[in-house]
Amino acid sequence: MKKINKPFLSLTQIINMSVGFLGIQFGFALQNGNASRILQTYGADVEHLSWFWLAAPLTGMIVQPIIGHYSDKTWGRYGRRKPYFLAGAILAAVALAFMPNASFLAGVLPAVVLGAGFLMFMDASFNIAMEPFRALVADNLPDEQNTTGFSVQTTLIGIGAIAGGFLPQILNKVFNISNESANGNVQENVLYSFYIGSAVILSAILWTVFTTKEYSPAERTSFGFEEENHDQNSLKDIFKDFAAMPITMKQLGLVQFFSWIALFSMWVYATPAIAHQVYGLPLSDHSSKAYNDAGDWVSSLFGIYNGVSALYALALPKIAAQFGKKTTHAFSLICGGLGLTSIFFITNPDMLLLSMIGVGIAWASILAMPYAILANTIPINKMGVYMGIFNFFITFPQIVNGIFGGMIVKNIYGSNSIYAILTAGVFMILGAISVLFVRDEKA
């Protein structure tokens, strides 16, 4: 195989390249921590939440391979990946501003339907921006810096998520902005958080656009890349690439299935589960002051696990170098599984901090290690499309959970979503077992 000699980048260059992901995750944290609460404010029942959340993985499954395919084939005056994540950021900023205002358009459609529609639009926008960012890291870094690049990206993701997760509670506790719902409208602290998130995501993306260079086709050829064809090939090529995916990607698909079916349950059901199990509220309560206090704490807990993730990500390159990528990922997923299952046994909200340590360790590894394993096993000239196709293994388990999760919660768990969180912990541990069987080889 022809050797690819990409230049090593400085830490500053790697950070600049990933600052945009900080902004994306700021908005993503606001979505994950507050979307279920917003939808319940609009009148959604707990067993229907997973159906509304289906919009997110469905759009990701469709959008990301297409974006990856075309970004592989694109080169213009603004670069290869930049036009895509800039467009995604602008659309995400618009969606963040509109989702918590859906009740004001209730005369057109029910607020819960509009809220779900804006959730779909928001997640599609995040997906337009997300995979070109991952492909940018793989484009610009030599193999020896892949783990470092994805770990730095994970650290910045953590910083963005900490800020986004804590923001509603900061606005409520520090600035006395109300966290109570009035007349079916979204809580003011959540509303202003989404406005701030809209500004942050745009600023962060622009930072990366103006500080990061993409290698031109001529430069890529000089590094040893095969000559590239930038014609817009048929979308049918995506299906051909899917059929020809490397064995490592297929094996990682099972790991991703277990990991992301667990994460989806946590994001969808954490607020109602913790409000009932830890705060002792009735299953029917989704609007009281105590429920909104629980919702603010869940949003902050999501910030905490992302903070743990940011710190752990700094250590991932050394841990992976010492013990191997697969062993590191397996250990991390076990920590996440134990963290999720522990929620079932907790009655003191402060003790949930311990649960989030385990979840944060798993989240850091989920965001970095599968991509570090994958980056060395796929063809260089198809990095974007395969990163997009790999997203299938993130969205498919969420779709499965979204379709069946609500029915299971209602008919088997008696509408008590804490059991969905307990099941999520078991799935995370199954992911840890399955990663040990992945074949980690260079393409």
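Buried means under 20% relative accessible area, exposed means over 50%, and partly exposed lies in between (1.4 Å probe, protein chains only). The model is predicted: local features need pLDDT of at least 70, side-chain atom pairs count only at pLDDT 80 or more, and totals for chains, interfaces and linings use all residues. Residues are numbered from 1 along each chain as its sequence is written, and side-chain values use heavy atoms, without hydrogens and water.

**Exercise 1.** Classify Glu219 and find its salt-bridge partner.

*Solution.* Step 1: take the relative accessible area of Glu219, which is 24%. Step 2: Glu219 is therefore partly exposed. Step 3: apply the salt-bridge rule (a side-chain nitrogen of Lys or Arg within 4 Å of a carboxyl oxygen of Asp or Glu). Lys213 is the partner, with the closest N and O atoms 2.7 Å apart.

**Exercise 2.** Trace the network of salt bridges around Asp139.

*Solution.* Step 1: Arg80 pairs with Asp139, with 3.9 Å between the closest N and O atoms. Step 2: Arg81 also forms a salt bridge with Asp139, at 2.7 Å from N to O. Step 3: locate the second pair. Arg81 has 0% relative accessibility, so Arg81 counts as buried. Asp139, at 5%, counts as buried too. Step 5: join the pairs. Arg80, Arg81 and Asp139 form a linked network.
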